[in-house]
Amino acid sequence: MASETNRLHPLSGAMMALRRGFTGFSIPFFLTGVGSGILGIDADLTIDLLFVLSPLGFVVGVGYGLAYYYRFTYALTADTFDVTSGVLSRRAREIPYRRVQNVDVSQGIVQRLLGLAVVSIETAGGGSTEATLRFVGSDEADRIRSEIRRRTAAVDDASDATERSAATDSLSETADEDVVEPQRDNDAARGDRSTTLLFELEVGELLVYAATAFRWGAAVFPILLVTLFLDPDSGAGFLPDFVFETARSVGGPESIDGAPVDALLILAAVAALQWFVATYVASALYTIVNYYGFQLGRQGNDLLYERGLLQRYSGSIPTDKIQSVTITDNPLQRLVGYAGLWIETAGYGPESTGGNQSAVPMAAESRIYRFATALTGVDRPDFRGASPLARRRYLVRYSLLAVGVVALAFGASRVTGLERWYLAAVVVAAAPLAAHLKYVNIGYHVGDDHIVIRRGFWRRRTTVIPYYRVQTLSTRRSIFQRRLGLASLVVDTASSQTFTWSEPTIEDIDLETARTLHETCGERLQTALRERAGDDVGLSVEPGNRP
Amino acid sequence: MESLHPRVRLLWIAQEALAAIALGVGLAAVDRWLVDVPTVALGVVVALGFVLGVAYAVRRYGVWRFEIESDALYLERGVVTFVETAVPFVRVQHVDTQFGPVERVFGLSSVVVYTAGSRNADVRIPGLTPERAERIQDTLRQLATESDATDAV
């Protein structure tokens, strides 16, 4: 297909012109404000100046916005996606299709009404999105996304057309009709543009997700609400009135000034509880709004997702760019037997700063594991745990922490006259439990093609890493670990998720075990790479598809 | 296993001495403007800091080892947390040699190996003579090109 040069949606040209125009209009106000304030320019002269300069600024701004719109072009060529932009200094960027990690499309409420969308194209390089098209029509966004994926497949095919003919015979025994559709010829799979639905988030699952996923980020919402909608003079200082009223019924103070410490503590506890409840509600609403109507489908070698109630997000994740797959659950979700599945690439997604995409936000655990199996070919892992010495280590660690808390309470009692400070000793009793929970949630599984690492209690993550995605391997031993003969193995991948989550680490295993694992992983990386030389397909949706 | 150039101890000792002096200056400032610090205590703290710093630098040198193995660059380092890292040649994105201004005074340079990994994306071997650094860079570049099997990401 011949490469054509495209512009953004005309409406975005109008928006850009208006925004720049407004900026141009307001700059003279700012400048004259500075001028009259600092240089002492006469006020009448200032107003006269404004009458001339502001319309002028508006016209210049509109002109600039229009020029930006007309000078911003993008094109889909045979091998690259080209973006040319800039009014005064021009920038031409060519992104090879092979380097594209994922393509994401998002639509805000207003944009949906106007039929516009933002397209972001991610590559592994750099610290941000490589190309952002703000805005194109929503049909055009879909076209760009599928064209990029189609051409990527074409580029791949040209380079390794011969490699993959025999690999498609057997459907692995781990395949599941829930997830994997019948096997077909590979070329047909690549050329196939029809979308197969893999997962649809049901209302029940969405509600479970909303009820169990607690997002600390939502803690700002209650603060925003209080600062925006409450009269600042209604409460004493920074606490609104209703907090005092609730606290008073359980022994809170009339006001902060001159209140006894115990009453203040009650007030603090009530405020914290209310804040927590408000955060929980905000977090649940956020989850519902963002994950309503979640769908995951497969088109050729890509996974396509779509979600969002007000703001729609959609995008494609090439299966051959997947770095690792992580299953997350928290204690609540474990209690009801649910978990979530995340796919990590080296790009940057709209989700956060990390290139993670939720493949399955929430589903019954068994279903999640079937999904993970279908995505990576890993069997349900048979976990081995950390060394029993690790539990002792955590017990010491948490006990010291608890003693610190008691010491703080004691110190506070000296300064403020706090009574019953010794009640803080309760946390000491929690230390053994915490140590045990941390210990039992550590696990690892060394498979033929993958290493599976599980860690964490509150937000437990089980990460499946194919050996051929391993970047570096490190064995770490702190002075405390050396005393006990323990070590931690860090398995680093190119997943940009690790900027926000910690890197996959098997903590506190015997030094001997760590050494053996380190060696095994290194060897299997080399073997896997040799096997894959020329067969650059990556994680395939069909588990039986690898040599 | 290869050690670093012995002169790197001097470099690190110099850095620790600078840190000790900075600590002394900080304490002197506290003494001058906030609370009285006895001169003896100040001297003891700075001396102790210096001694610890020297011990740390010497130990750090004693622990640091690296080796170019058949398929990976292997490093051992760390006084408080001992870390053994293997960087497979296939994963090497590019290799730099660096000469910092302080390093240059001591006639030393470093090799920095970059991978596409996330946290330990750059691995630095300090305390090399410029010739050795360049040789390592050449070797690594060659090995990385030879073992270029598939895409890193």
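**Exercise 1.** Determine how far apart the C-alpha centres of domain 1 and domain 3 of chain A lie.

*Solution.* Chain A is divided into domain 1 (5-71), domain 2 (216-289) and domain 3 (388-438), with bounds from an automatic or database domain assignment. The C-alpha centres of domain 1 and domain 3 of chain A lie 60 Å apart. This is a predicted model, in which local features need pLDDT of at least 70, side-chain atom pairs count only at pLDDT 80 or more, and totals for chains, interfaces and linings use all residues. Residues are numbered from 1 along each chain as its sequence is written, while chains are lettered from A and ligands numbered from 1 in the order in which they are written.

**Exercise 2.** State the order of the 6 strands in the open sheet, and identify its edge strands.

*Solution.* Strands here are DSSP runs (E, at least two residues), as helices are (H or I, at least four), numbered from the N terminus; two strands pair if DSSP finds at least two bridges between them. The order is S20(A)-S19(A)-S18(A)-S3(B)-S2(B)-S1(B), with antiparallel pairing. Strand S20 (505-510) of chain A and strand S1 (65-68) of chain B are the edges, each pairing on one side only. Within chain B, S2 (72-77) and S3 (82-88) are joined over 6 bridges, and B:Tyr74 stands opposite B:Ala86 in S3(B).
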